[in-house]
There are 2 protein chains.
Amino acid sequence: MQPETILERKSIRCTPMREAILEILLKKGCPMSYKEVAACLPRQGDRVTIYRTLLLLFEKGIVHRVMDMKGTWRFCAHNSVNSGCPGDHPHFECMVCGSMQCLTDTSLPYIEVAGGAVVKGKHMVVYGVCPRCLE
Amino acid sequence: MQPETILERKSIRCTPMREAILEILLKKGCPMSYKEVAACLPRQGDRVTIYRTLLLLFEKGIVHRVMDMKGTWRFCAHNSVNSGCPGDHPHFECMVCGSMQCLTDTSLPYIEVAGGAVVKGKHMVVYGVCPRCLE
DNA sequence: AATTAGATGCAACAATGTTGCAGGAGTGAT
DNA sequence: ATCACTCCTGCAACATTGTTGCATCTAATT
């Protein structure tokens with residue numbers, strides 16, 4: 001689906017910035033930090049705008065969000081249409097190059113929390129060394 | 001085990017700061033951020049020293065470390081003696097009060113990463129609302 | 001084309017975490 | 001006891017991520 005179509009369907013104004021960011025995320029298909037997204041932008045916009053755009057895309061359910069092992073949010077839009085994305089699959093992070101990857105084929109286990117806590121979501125990062133960095 | 005004994009066994013100098021921090025972590029038994037630890041200290045030391053102490057305890061395998069959903073490290077020393085602690089159990093984080101809890105009774109699933117990546121560790125945070133905040 | 005709701009850019013701020021360096025405390029040997 | 005040495009602590013400074021408020025500009029609507 002085109003970035004423009006996605007934005008329209010969610011009743012969000014289609015601005016060049018939003019279109020560009022969403023296009024980058026769709027193209028890469030892996031969780032990207034603000035920094036990575038900013039580096040891919042053709043025209044450098046304001047830091048705050050990028051943050052706000054990423055947050056908006058997340059809040060509207062267009063992308064999902066993962067916290068990496070450095071404590072920074074990463075945003076990811078894969079082409080799959082499955083909703084309720086957050087918390088449904090683990091992510092792999094390479095400790096060498098820092099790249100991240102959605103493990104969409106694996107689902108997260110059911111976890112029971114003792115004492116009657118209500119579970120809203122799950123978040124899993126598997127870290128190690130990716131094939132490229134192993135060589 | 002006493003903080004002093006633990007430090008001696010790991011061949012680390014037993015200073016008042018280290019003893020105090022380790023004692024706090026052992027007492028609470030749940031993952032604490034730098035801020036929480038600092039707030040519990042009887043005599044306020046330097047920020048950097050606290051960070052360095054926490055990092056040292058982690059590197060020596062005395063405590064383990066979890067990244068919470070706000071992107072800050074939390075450190076935890078439970079009394080159990082099992083080594084290789086990092087990555088062996090999930091953690092629960094309350095979205096309301098921010099408290100965290102080790103789910104030591106649950107173990108993390110085996111996750112296979114396609115493409116021949118080497119997995120070094122796993123990290124899982126389950127978030128929701130704790131029993132206290134539900135009322 | 002005018003209006004208006006909303007998007008952007010700027011400045012400023014807060015928090016976490018790190019690095020380099022000078023001085024101080026503990027350890028061991030003479 | 002004294003000396004030398006290791007290494008712990010505190011200070012200053014900095015980098016990065018992320019947020020907030022406000023003025024200005026832009027996109028969709030009439």
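Two exercises on this predicted model follow, each with a worked solution. Residues are numbered from 1 along each chain as its sequence is written, with chains lettered from A and ligands numbered from 1 in the order in which they are written. In this predicted model, local features need pLDDT of at least 70 and side-chain atom pairs count only at pLDDT 80 or more, while totals for chains, interfaces and linings use all residues.

**Exercise 1.** Describe the surface near DNA strand D.

Solution.
- Step 1: DNA strand D is surrounded by 23 residues, each with its C-beta atom, placed from the backbone, within 6 Å of the strand. The closest are Trp73(A), Thr15(B), Met17(B), Gly45(B) and Thr49(B).
- Step 2: Two or more residues each come from α3 (34–40) and α4 (47–59) of chain A and from α2 (16–28) and α4 (47–59) of chain B. Helices are DSSP runs of H or I with at least four residues, strands runs of E with at least two, numbered from the N terminus.
- Step 3: α4(B) contributes the most, four residues.

**Exercise 2.** Find the buried side of α2(A).

Solution.
- Step 1: Arg18(A), Ile21(A), Leu22(A), Ile24(A) and Leu25(A) are the buried residues of α2(A). Buried means 20 or more other C-beta atoms within 10 Å of a residue's own, exposed 12 or fewer, partly exposed in between, with C-beta atoms placed from the backbone.
- Step 2: These residues lie on the same side of α2(A) because they cover an arc of only 155 degrees around the axis, taken over the directions from the helix axis to the C-beta atoms.
- Step 3: Pro16(A) and Lys27(A) are exposed, on the face turned away from the buried side of α2(A).
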